[in-house]
Amino acid sequence: MTARVLVAGATGVIGRALVPLLRAHGHHVTALVREPSRAAGLDPDDLVVADALDAPAVRAAVASARPEVVVHQLSALRGSTAQGLEHTARLRTEGTAHLIAAAEAAGARRIVAQSIAFATAPHGGPVLTEDAPLHLDAPDPGWALTTRAIAELERRVLGAAALSGVVLRYGTLYGPGTLYHRGGAIGAAVARGRLPLPEPAAGVTSFLHVEDAARAALHAVEADEVRGVFNVADDDPAEAAVWLPEYARLLGAPPPRVVPAQLAERMLGWLTSHQLTAMRGAANDRIRRELDWKPATPSWRTRLAAD
Ligand SMILES: NC(=O)c1ccc[n+]([C@@H]2O[C@H](COP(=O)([O-])OP(=O)(O)OC[C@H]3O[C@@H](n4cnc5c(N)ncnc54)[C@H](OP(=O)(O)O)[C@@H]3O)[C@@H](O)[C@H]2O)c1
């Protein structure tokens with residue numbers, strides 16, 4: 001069944017893949033954007049304008065779109081600055097609250113929201129399910145802010161009184177526009193031999209191609225009766241000791257320099273060091289079973305350096 005779908009964050013990495021995909025499946029898509037000039041080339045059925053942190057503007061924009069389903073793909077991590085982290089945390093807390101209130105007032109029946117699969121506490125595993133606890137007591141203030149905002153987003157989405165809610169916990173995104181694109185911050189660092197490999201490098205990353213992320217959102221939009229939290233990740237969770245040297249090889253770069261794990265945090269910052277040394281992967285069994293989704297790109301090995 002086709003639906004009227006509002007996509008908040010339509011101009012983002014996932015939104016740009018999702019808008020045409022939803023339209024190709026017959027859905028009527030309204031893009032919610034904060035700056036119309038950012039929507040060049042997007043081609044939704046309709047466009048509404050609001051800053052997600054401005055509750056009255058969101059309410060008016062969503063009311064005029066009359067969506068049945070709201071998709072929340074808002075974040076502000078481009079550039080990975082501290083300001084971006086704080087803005088993103090506010091989008092996940094206040095922005096989510098505004099979207100839910102506006103969706104309910106407009107008579108929508110469903111919300112699908114973006115979360116992250118790598119915010120779990122680094123215990124057990126090495127690959128964890130959706131039932132694993134979030135890393136709410138992370139020692140890094142930025143990561144603690146992020147995990148707490150994620151927890152609040154998920155609580156709000158799943159607790160919305162008049163909406164059925166789906167949370168999609170995306171793995172580490174790669175593909176056009178991401179950090180792992182050749183020209184992205186991590187792609188460029190690896191290509192120049194500037195991302196060292198801690199020893200031991202036992203952190204596990206579950207990658208996800210942007211196109212698979214968009215396909216998961218399509219499945220969630222269409223699976224009306226399903227609600228809950230779903231990891232969205234490929235089938236090939238990999239230790240940094242495996243993926244980082246392979247990524248360098250695929251990029252035609254020299255093998256990463258090996259550094260002692262004790263130096264990693266000082267050299268790379270807490271989050272990258274955590275990713276490479278301690279992070280856990282994400283199992284995708286639940287989304288395969290309940291949303292009939294599987295990755296079209298089952299392993300990062302084929303495309304991480306490809307486009
Ligand atoms: N989930 C992950 O895996 C993850 C984690 C960390 C980093 N990253 C990296 O982060 C980058 C993505 O950057 P991003 O977070 O900026 O996402 P993005 O892909 O650019 O999408 C964010 C969307 O939210 C919109 N938005 C932001 N603030 C808004 C506001 N106040 N009101 C309305 N809309 C708002 C943006 O609009 P505008 O187009 O107007 O900005 C954009 O449409 C990629 O490089 C990715 O690799 C991803």
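Which backbone atom lies 3.3 Å from an oxygen atom of the ligand? A backbone N or O atom of Ala76 does.

## About the model

This is a predicted model, in which local features need pLDDT of at least 70, side-chain atom pairs count only at pLDDT 80 or more, and totals for chains, interfaces and linings use all residues. Residues are numbered from 1 along each chain as its sequence is written, and side-chain values use heavy atoms, leaving out hydrogens and water.

## Around the ligand

Let's start with the polar contacts (pairs of N or O atoms within 3.5 Å). Besides Ala76, a polar side-chain atom of Thr11 sits 2.5 Å from a ligand oxygen atom, and one of Arg34 sits 2.7 Å from a ligand oxygen atom. The protein covers 91% of the 920 Å² of accessible area (Shrake-Rupley method, 1.4 Å probe) that the ligand has on its own.

The ligand is surrounded by 26 residues (a heavy atom within 4 Å), and the closest are Thr11, Val13, Ser75, Leu77 and Arg78. This shell divides into 12 nonpolar, 10 polar and four charged residues, with Gly counted among the polar ones. Helix H3 and strand E5 (110-116) each supply at least two of its residues; helices are DSSP runs of H or I with at least four residues, and strands are E runs with at least two.

## Helix H3 meets helix H4

H3 (residues 82-105) packs against H4 (residues 141-159) at an angle of about 10 degrees, with the axes, lines fitted to C-alpha atoms, 9 Å apart. The two helices are therefore roughly parallel (an angle under 35 degrees). Their contact (heavy atoms within 4.5 Å) involves residues including Leu85 and Ile100 in H3 and Leu145 and Val157 in H4.

Note on methods
Axes are lines fitted to C-alpha atoms, for helices over the stretch in contact, and angles run from 0 to 180 degrees between N-to-C directions. Angles under 35 degrees count as roughly parallel, over 145 as roughly antiparallel, 65 to 115 as roughly perpendicular and the rest as oblique. A polar contact is a pair of N or O atoms within 3.5 Å; within protein, one must be able to donate a hydrogen and the other to accept it, and residues adjacent in sequence count only if both atoms are side-chain atoms.
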